[in-house]
Amino acid sequence: MLIAMKMPKIVCAIAGFALVCSSLGSAQESGAWRAASKTAKSITGDLTIGGEKMLINFAPFTIAQIRTLKPDEIGAAFDADTSAGGTGSLYRLSIPATKKFLHNNTLCGSEDTQWMATYVAGHSLQVDFFSGEKPPVFTIDAISNSTDLCGTYTYAR
């Protein structure tokens, strides 16, 4: 009888754990990230992503997750080996061209930053920033010929 009374608690605990794990899988980029690449260290500094906000070197910006990137899109955007795993997302944002970051740098030169693509694998986050009104196209040809790709930044935990 004691086991029967504990069963609902065990089932609830397992269901809760599964729910938490499933939400973590879709938000792997959430949290604080240290600038790891030379580009990130010289332009953005550290980055924090959470919910509908992102902090770039402590400056807040509103973001909206648009969709999850497919493995072939991740491979094209980040020159990544998608068989190694990892997840990616496309975000909409608006960072004015007048916003200055470290060393008086901007993200997209004289263009507003409109899009952010992320790729998380292990303890590494790669971020592509894009200008342009239309969402970026994630094929090798489109990325290599894109005038809207502003830069790729790498962060670590």
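## Charged groups over aromatic rings

K99 lies over the face of F101, 5.6 Å from the ring centre. A charge is taken to sit over a ring if NZ of Lys or CZ of Arg is within 6 Å of the ring centre and within 35 degrees of the ring normal. The charged end of R92 likewise sits over the ring of W115, at 4.3 Å from its centre.

This is a predicted model, in which local features need pLDDT of at least 70 and side-chain atom pairs count only at pLDDT 80 or more, while totals for chains, interfaces and linings use all residues. Residues are numbered from 1 along each chain as its sequence is written, and side-chain values use heavy atoms, with hydrogens and water left out.

## Aromatic pairs

Rings of Phe, Tyr and Trp (its six-membered ring) pair if their centres lie within 6.5 Å; planes under 30 degrees apart count as stacked, over 60 as edge-to-face and the rest as tilted. Four aromatic pairs are counted by this rule. Among them is the tilted pair of F61 and F101, with 6.1 Å from centre to centre and 55 degrees between the planes. This pair links distant parts of the chain, 40 residues apart: F61 belongs to strand β4 (residues 59–68), and F101 to the loop between β5 (87–95) and β6 (113–121). Helices (H or I, at least four residues) and strands (E, at least two) are DSSP runs, numbered from the N terminus.

F61 is buried at 9% relative accessibility, and F101 is buried at 10%. Buried means under 20% relative accessible area, exposed over 50%, and partly exposed in between (1.4 Å probe, protein chains only).
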